[in-house]
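Colleague: Let's go through the labels on this model. I want the cut-off behind each one.

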Amino acid sequence: ICRKYGVPVLFFVNAAFLGNHDLSMDNLLAYIANTFGLSEINAVAHEFGGPQQPVLRSRKQVTSEFIPTLPTEQLQAFKRQLAAAVGVNIQQLAQAARLYLRAEQLRELASSGFEIANHTFSHVHCRILAGTHFRDEIDNNKSILESVVGKRVRAFSLPYGSVADFTPSLEQRLKSSGHQAAFLVESRTNTDSTNLYHLNRVSVHSASDAALFGEIQVLPRLRATRDSF
């Protein structure tokens, strides 16, 4: 549809999942919650969070409140232990689900005029990044994507889109690594004066044309007006 009507598109990609050799934390959590229930997730979270770890009552709570508290090394350990606790092989599950693009599909998108952009290597909350983790998640992902599509990666989108993840260290790293723009998901309008490292996106959840019009035309303008006071 976008190609037919000449709509410019940015695809924000995590290189870790190209070819379906791994699952993102979000997809693994969804699979385990739907198949085994939240009790299994809570059991492993309790091991990492300690006796003060509150009960997680929804998958959204796991993603928005528990996962961001884990340093990078613990995050990967949590993912491995979670899979082991329910007896699943992450790579086999990824191959069976085939949720993600293959490298050749990504090249086809790029050759069709669509732009490929950075979304971290493994879809992490950027507030936990420090030191060499910037290289692993941002620089490495940019390099891999550029080698796959043969074009420069210019833009970055924060996983989960929260301003809480847009730290001064992250902004500095993006600028020094050649990124020219950064996107958040604050569902507000962009103007000619909008900071290129604070561009807004709109998450669309509507089920009707009227609701879609409200999400992409009305509500962003109302939020921008509200925030101007």
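Modeller: What follows sets each label against its definition.

Modeller: This is a predicted model: local features need pLDDT of at least 70, side-chain atom pairs count only at pLDDT 80 or more, and totals for chains, interfaces and linings use all residues. Residues are numbered from 1 along each chain as its sequence is written, and side-chain values use heavy atoms, with hydrogens and water left out.

Colleague: Why is Leu-222 called exposed?

Modeller: Buried means under 20% relative accessible area, exposed over 50%, and partly exposed in between (1.4 Å probe, protein chains only). Leu-222 has 52% relative accessibility, so Leu-222 counts as exposed. Leu-222 sits in helix α10, residues 209-227. Helices (H or I, at least four residues) and strands (E, at least two) are DSSP runs, numbered from the N terminus.

Colleague: What about Val-218, buried or partly exposed?

Modeller: Val-218 has a relative accessible area of 36%, so Val-218 is partly exposed. Val-218 also belongs to helix α10.

Colleague: Which residues form the nonpolar surface patch?

Modeller: Phe-213, Val-218, Leu-219 and Leu-222 form the patch, with about 360 Å² of accessible area together. Patch residues have over 30% relative accessible area and no salt bridge; like charges are joined within 9 Å, nonpolar side chains (Val, Leu, Ile, Met, Phe, Trp, Tyr) within 5 Å. A salt bridge is a side-chain nitrogen of Lys or Arg within 4 Å of a carboxyl oxygen of Asp or Glu. Areas come from the Shrake-Rupley method with a 1.4 Å probe; for residues, only the protein chains shown count as cover.

Colleague: Why is Ser-187 called buried?

Modeller: Ser-187 has a relative accessible area of 14%, so Ser-187 is buried. Ser-187 lies in the loop between β4 and β5 (199-200). Ser-187 touches Arg-201, Val-202, Ser-203, Pro-220 and Arg-223, not counting residues up to four places away in sequence. Contact means heavy atoms within 4.5 Å.

Colleague: What makes a nonpolar core?

Modeller: A nonpolar core is a set of buried Ala, Val, Leu, Ile, Met, Phe, Trp, Tyr and Cys residues joined through side-chain atoms within 4.5 Å. The largest here has 40 residues; Leu-29 is among those touching the most other members. A second, separate core has 13 residues, including Val-13 and Phe-114.

Colleague: How many disulfides does a search of the whole structure find?

Modeller: The search finds 0 disulfides. A disulfide is a pair of cysteine sulfur atoms within 2.5 Å. Cys-126 has 0% relative accessibility, so Cys-126 counts as buried. Cys-2, at 31%, is partly exposed.
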